[in-house]
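Below, some structural labels are set against the criteria behind them.

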Amino acid sequence: MKLHLFTFNAFQENSYVLVNENKEAIFIDPGMMDQEEENVMLNFISKNDLTPLFILNTHCHIDHILGVKFLVETFQIPFYAHQHETVMIERSASVSLMYGIPYSGCPLPDRFIDESDSFEFGKDKIELLYVPGHSPGHLALVIHSQRMVIGGDVLFKGSVGRVDLPGCNAQDLISSIQGKIYKLPNDYSVFPGHGEATTIGSEKENNYFVSEKTVRL
Ligand SMILES: [Zn+2]
């Protein structure tokens with residue numbers, strides 16, 4: 001399995017594409033904002049002769065869903081997210097107006113997913129952690145065989161997700177990081193929704209906001 005990173009839109013959001021040995025592809029948090037960014041993704045899929053399977057979102061803030069509708073319509077694939085994120089999609093049109101970004105809407109998920117779901121993906125298995133706080137239905141993807149987490153906006157290199165937006169809950173974010181993310185092995189890579197990758201161990205050691213035991217939010 002390979003992880004491909006694209007950084008899209010005005011929020012510099014990390015969109016990931018997982019590709020397995022059968023040339024199948026899963027889109028994580030696709031954030032293409034305009035035709036130019038859509039073409040980058042289309043070219044990647046066609047150049048590598050990939051078969052898109054589905055879209056899986058860690059959460060549904062506007063910067064993470066800008067490319068969902070395009071992919072659903074282009075490839076006729078389903079969109080998966082946690083049920084508690086529907087409120088974010090319902091609010092997304094007004095949020096896009098607030099930020100003044102072009103937006104043609106996002107469909108509601110075809111299927112709601114949570115911690116009890118997992119996905120076989122070629123030789124690998126994608127498991128989910130329910131990690132609310134930055135948003136109410138936030139999920140992190142854990143792929144033990146690759147020793148990696150695709151964590152969305154929960155934990156960043158040296159920082160944590162915002163908790164000042166509607167639907168955020170600081171205490172939940174702390175519990176999600178200390179109770180779930182930090183329980184993963186130290187050598188696991190963390191691929192966040194913004195900024196560069198890090199590791200669990202490095203954040204436990206160096207993250208100013210949430211170390212293993214202390215919290216400053
Ligand atoms: Zn977010």
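Q: In the hairpin of β9 and β10, which residue takes a positive phi?
A: Arg147 does, with a phi near 50°, in a hairpin that has 4 residues between the strands. This is a predicted model, in which local features need pLDDT of at least 70, side-chain atom pairs count only at pLDDT 80 or more, and totals for chains, interfaces and linings use all residues. Residues are numbered from 1 along each chain as its sequence is written.

Q: What makes β9 and β10 paired strands?
A: Strands are DSSP runs of E with at least two residues, and helices are runs of H or I with at least four, numbered from the N terminus. Two strands pair if DSSP finds at least two bridges between them; 3 bridges join β9 (residues 139-143) to β10, so these antiparallel strands meet the criterion. Ile143 stands opposite Met148 in β10.

Q: How do you know that β10 also pairs with β13?
A: The two strands, which run parallel, are joined by 4 bridges, and Val149 stands opposite Val190 in β13.

Q: Why is β10 called largely enclosed?
A: A residue is buried if 20 or more other C-beta atoms, placed from the backbone, lie within 10 Å of its own, exposed if 12 or fewer, and partly exposed in between. Because 5 of the 5 residues of β10 (residues 148-152) are buried, the strand is largely enclosed by the rest of the structure. Both faces are covered, with Met148, Ile150 and Gly152 on one side and Val149 and Gly151 on the other.
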